[in-house]
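Hi there,

Here is the structure I promised to pass on. Have a look first, and my notes follow below.

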Amino acid sequence: MLEFRKIEIEDAELFNSFIKLNTERSCENTFINLFMWRDCYNNMIAVENDTLFIKSGSGDRQSFALPIGGDIKSGVEKIKEYSGEKPVFWLQDCDRFEEFK
């Protein structure tokens, strides 16, 4: 099961190593944005099997970015397993969106 933790400043290098693989270009997927708003939106990350997972919110008000790195379909399955329901995703129209459909 995914183990999410609060984003820390020390995660910048790790986060950026994944984000350069991402074709989505939006402020929602930048380290500084997620770090700056981490307390307000409960932004958290998890890394498993060379995949970065990003979550915001808590309880029944949580949402997820598409997994970054690794196989997107298995990453989405991990999020489904974690959330125990049909998860809510935030995403931009990009190459990875086609894989997600």
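This is a predicted model: local features need pLDDT of at least 70, side-chain atom pairs count only at pLDDT 80 or more; totals for chains, interfaces and linings use all residues.

Let me begin with the aromatic rings: the count comes to 7 aromatic pairs, where rings of Phe, Tyr and Trp (its six-membered ring) pair if their centres lie within 6.5 Å, and planes under 30 degrees apart count as stacked, over 60 as edge-to-face and the rest as tilted. In one of these, the rings of phenylalanine 4 and tyrosine 82 have centres 4.8 Å apart and planes at 65 degrees, so the pair is edge-to-face. Phenylalanine 4 sits in the segment before β1 (5-6) and tyrosine 82 in helix α4 (residues 72-83), so this pair ties together parts that are 78 residues apart in sequence. Helices (H or I, at least four residues) and strands (E, at least two) are DSSP runs, numbered from the N terminus.

Tyrosine 82 also pairs with phenylalanine 64: their ring centres are 6.2 Å apart and their planes at 85 degrees, so this pair is edge-to-face. Phenylalanine 64 lies in strand β4 (residues 63-65) and tyrosine 82 in helix α4, so the pair ties together parts that are 18 residues apart in sequence. Phe4, Phe64, Tyr82 and Phe89 form one aromatic cluster.

Residues are numbered from 1 along each chain as its sequence is written, and side-chain values use heavy atoms, with hydrogens and water left out.

Now the chain as a whole. There are 5 helices and 5 strands, following the pattern β-α-α-α-β-β-β-α-β-α along the sequence. Of the 101 residues in the chain, 45% are buried. Among contacts (heavy atoms within 4.5 Å) with a separation of 6 or more, 54% are between residues 24 or more positions apart. The accessible surface comes to about 6100 Å², and carbon and sulfur atoms hold 51% of this area; areas come from the Shrake-Rupley method with a 1.4 Å probe, and for residues only the protein chains shown count as cover.

Next, helix α1 (residues 12-19), whose buried residues are Phe15, Phe18 and Ile19. Seen down the axis of α1, these fall within an arc of 95 degrees, so they line one face of the helix; the arc is that of the directions from the helix axis to the C-beta atoms. Their cover includes α2 (31-36), β2 (44-48) and β3 (51-56).

Strand β3 holds leucine 52, which counts as buried at 0% relative accessibility. Leaving out residues up to four places away in sequence, leucine 52 touches Phe15, Phe18, Ile45, Ala46, Val47, Pro67 and Ile68.

Finally, tryptophan 37 is in the loop between α2 and α3 (38-41) and is partly exposed, at 36% relative accessible area.

Enjoy exploring!

Best wishes

Definitions and conventions. Buried means under 20% relative accessible area, exposed over 50%, partly exposed in between (1.4 Å probe, protein chains only).
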